[in-house]
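Please read them with the model open.

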Amino acid sequence: MRLLLDENISYRVVKKVNTYFPDCESVLRRQQPGLEDRYIWEIAKAEEYSIVTFDEDYADLSQLNGFPPKIILLRPVNLTSQEVADLLIRNLESIHNFLTNSDEERGCLQLFDFNKF
């Protein structure tokens with residue numbers, strides 16, 4: 001499960017989740033900030049990552065272009081780094097099933113932190 005955190009998610013999340021997601025990387029640690037979503041999409045596709053983001057534009061790209069890459073959309077958008085890490089870890093099984101099931105017809109998985117609503 002290769003996860004690429006979009007630039008709107010702190011690179012600090014990588015360290016917090018690396019035990020559970022050892023192939024997790026941050027756009028911010030790899031590239032300059034301010035990259036267009038389409039460029040990040042192409043990086044993820046070429047390098048077989050799934051994108052973790054708050055940005056609904058990636059879900060739109062998935063609907064237009066199909067997948068890969070698959071998208072993990074986090075809600076709400078105001079989560080701290082620790083809350084993002086906790087949400088990913090709590091949903092490890094769902095993420096694994098979403099990313100590895102070859103029969104999966106969805107390109108986007110939404111994860112909700114209901115404590116923040």
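This is a predicted model: local features need pLDDT of at least 70, side-chain atom pairs count only at pLDDT 80 or more; totals for chains, interfaces and linings use all residues.

1. Residues are numbered from 1 along each chain as its sequence is written, and side-chain values use heavy atoms, without hydrogens or water.

2. The structure holds 3 salt bridges (a side-chain nitrogen of Lys or Arg within 4 Å of a carboxyl oxygen of Asp or Glu).

3. Arg-38 and Glu-42 form a salt bridge, N to O 3.6 Å. They sit 4 residues apart in helix H3 (residues 37–46), so about one helical turn separates them. Helices here are DSSP runs (H or I, at least four residues) and strands likewise (E, at least two), numbered from the N terminus. Glu-42 is partly exposed at 36% relative accessibility. Arg-38 is also partly exposed, at 37%. Buried means under 20% relative accessible area, exposed over 50%, partly exposed in between (1.4 Å probe, protein chains only).

4. Glu-56 and Arg-75 meet in a salt bridge at 2.8 Å, N to O. This pair links distant parts of the chain, 19 residues apart: Glu-56 lies in the loop between strand S3 (50–53) and helix H4 (57–65), Arg-75 in strand S4 (residues 71–75). Arg-75 is buried, at 11% relative accessible area.

5. Arg-90 pairs with Asp-113 in a salt bridge, closest N and O atoms 4.0 Å apart. Arg-90 is in helix H5 (residues 81–90) and Asp-113 in the segment after strand S5 (108–112), 23 residues apart. Asp-113 is buried, at 4%.
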